[in-house]
Amino acid sequence: MSKITSGLGSLKSSLNAKGRIKRKGPGKGIGKGSGKGSGKGASHYARMKRIKAKQSKAPKVTKDIRVIDNTPVDSIFAGVHIDPPKVDDANDFDIDDEGPIDLGSTTSEKTWDVEHSNDEEVPEDDRDDSSQVWINDDLDEPDDDLDLDDLSDLEESDDLDDFDLDAPPPDKTSLIYRLREAEREKNKKLTGSSSGKSKKPNRSKGGKGKKFDRSKLPEGIVTLPMLDTIPEIVAWQTETFDAFEAKCLRATARKKALDPYRPALNAIIAGEVFTSTPMLTMRVVLDLGRQHLQTGMLRAVEGDSALRIYLITIIAGQGLTSHAKTDIDLGGSLAREQAFLRDVSRDYFAVHELAIFNSHGHPDGGQMLQRHTHAVVLLREGDPDPQVAIAKHLKHFEPNFTDIPIFDVRPVDTDDINLARVAAYMCKAPDRCKSWREGKDGKRGFINDNESGDRPSRYLRMAMIRSMLSLEDATFAGGFGAQIRTGLINTARAQCAAEAPAASRLLHPDAIGSFWTDVMRALNRKSWNLPVIRTRK
């Protein structure tokens, strides 16, 4: 108890009149840097006190406007008071020992336009008469804290709290103000912006990198590869297979839940023969299709020099569905399209294709999935123009969701290279999704293959649908084209039976649907349905 009493007494003796602890010496108070002693905080306090004392004794310098030779000049020499010289003594006026400068003449050696406002010597031929009189090289940078390129941004800013509203307006007759305005005008001419900031070139207005005018293209979405040799065309077709496979693999990579299904899944994605029935995902089937179609067209052209070949694309509204809730009615469309093509010619070969649109979603969920048909038509002498059949059958086809015509008819050159291009185009892999762009300023819209909105899962979904679509269901033909189709189907069946016999095939044709049901469950794709493909009306 005595120790506590003595401790309280010593604490009371250390307090001053205000109840605060007495300091025992300079810089030895409680807390680091407290007081006015020799500590770190004390030295800072003393330094600030000395600075304030000097500032209170120093005379205030005002920014005056001086007139030299009737030209207002904003004095930028902080802390230096310059008396306005008389006009008669202008030649004796000296600044920073730069030598005498003739301020009474506007055509002196220190006079040039704003474009030459740098420290380099200006050639004699580049000098011109100007009212801009440079009295010091420092005028190139009138204010170190001011970015001339950002003047327009300051003037157009809506945040008035960043500015002194009580400040007087700038003197528009001053030299510096006119220099800044001239700099802004120069930047405006060079960049097209009052702030002097560069802009991206507008390619639509011409010049280097001019944007291609798609309004000059024929109607439709057909774009044939412009290749000059058969090996190049075959390589292009192979590239579509590889690109499609790579995008599908990105959707299944690092999915441990898919490990039990990897053998069959990877075979379908890679385009291998996974069953004994020819399916549209198989590379060998599409490659055989290119070969048979190319050979058949060449044989037809050699037998009839007057033969004309057309490539017709049919994009009808009846073929629209969702890529997530897929319901494809091949049987209903087959009757309409067969009736139309028979009126065009008795010799034709057609294949169904699918295209997912990244740019447009479907009301039922997922993206727009548009089924369309490519047909090669052989017209002999005396056959009517295809437009006659179009006018007759147009009422049976609904418009598609774009403004592209339902029928796209193009004549095809009958040389062997061009026929190979057509055959490869009809038997390629869907390695790119589509995007529909509406027309502007009276121009029609167009479809492109922009990959900016791609999702790997959409290509996996496309592989699922095509693996359930057989070659027999995806093609139809008549006349000479029927012979091509029959030979193709027989060859493809034999090839698939040889590569995937019943004893070693990965999937039975009837088990493909249940396989994809398990894969969708493993991927937790609850929004996907098992694709419905109606092959009969």
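**Figure 1. Helix H9 (residues 386–393) has Pro386, Ala389, Ile390 and His393 buried.** These four cover an arc of only 105 degrees around the axis, so they sit on the same side of H9; the arc is taken from the directions that run from the helix axis to the C-beta atoms. Buried means under 20% relative accessible area, exposed means over 50%, and partly exposed is what lies in between (1.4 Å probe, protein chains only). Turned away from the buried side is a face with the exposed residues Val388, Ala391 and Lys392. The buried residues of H9 pack against strands E3 (308–314), E7 (367–379) and E8 (407–412), plus helix H8 (330–344). Contact here is heavy atoms within 4.5 Å. Helices (H or I, at least four residues) and strands (E, at least two) are DSSP runs, numbered from the N terminus.

A quick note before the other views: this is a predicted model, where local features need pLDDT of at least 70 and side-chain atom pairs count only at pLDDT 80 or more, while totals for chains, interfaces and linings use all residues. Residues are numbered from 1 along each chain as its sequence is written, and side-chain values use heavy atoms, with hydrogens and water left out.

**Figure 2. Helix H14 (residues 512–523) lines up its buried residues on one face.** Ile512, Gly513, Phe515, Trp516, Val519, Met520 and Leu523 are the buried residues of H14. Looking down the axis of H14, they fall within an arc of 155 degrees, so one face of the helix holds them. Their packing partners are helix H6 (262–270) and helix H11 (456–467). The twelve residues of H14 should span 16 Å at 1.5 Å a residue, and the end C-alpha atoms are 17 Å apart, which agrees. That expected span is 1.5 Å times one less than the number of residues.

**Figure 3. Leucine 293 is found in helix H7.** Leucine 293 is buried, with a relative accessible area of 1%. Which residues does leucine 293 contact, leaving aside neighbours within four places in sequence? They are Phe349, Ala423, Met426 and Ile484. Alanine 420 is 127 residues from leucine 293 in sequence, yet the two are 8.4 Å apart in space, C-alpha to C-alpha. As for length, the 21 residues of H7 should span 30 Å at 1.5 Å a residue, and the end C-alpha atoms, 31 Å apart, agree with that.

**Figure 4. The largest cavity has a volume of about 120 Å³.** Among its 15 lining residues, Leu280, Leu286, Val351, Met426 and Cys427 come closest to the centre. Helix H7 (283–303) and strand E6 (347–361) are the elements that each give two or more residues to this lining, and E6 gives the most, with four. By type, the lining splits into nine nonpolar, three polar and three charged residues. Nonpolar covers Ala, Val, Leu, Ile, Met, Phe, Trp, Tyr, Cys and Pro, charged covers Asp, Glu, Lys and Arg, and the others, Gly among them, are polar. A search of the whole structure turns up eight cavities of 30 Å³ or more. A cavity is a set of points, on a 1 Å grid over the protein atoms alone, where a 1.4 Å probe fits but cannot get out; lining residues have an atom within 4 Å of a point. Points join across faces, edges and corners, and volume is the space filled by probe spheres set on them.

Key:
On a 1 Å grid over the protein atoms alone, a cavity is a set of points where a 1.4 Å probe fits but cannot get out, and a pocket is an open set with protein on both sides within 12 Å along at least five of seven lines; lining residues have an atom within 4 Å of a point.
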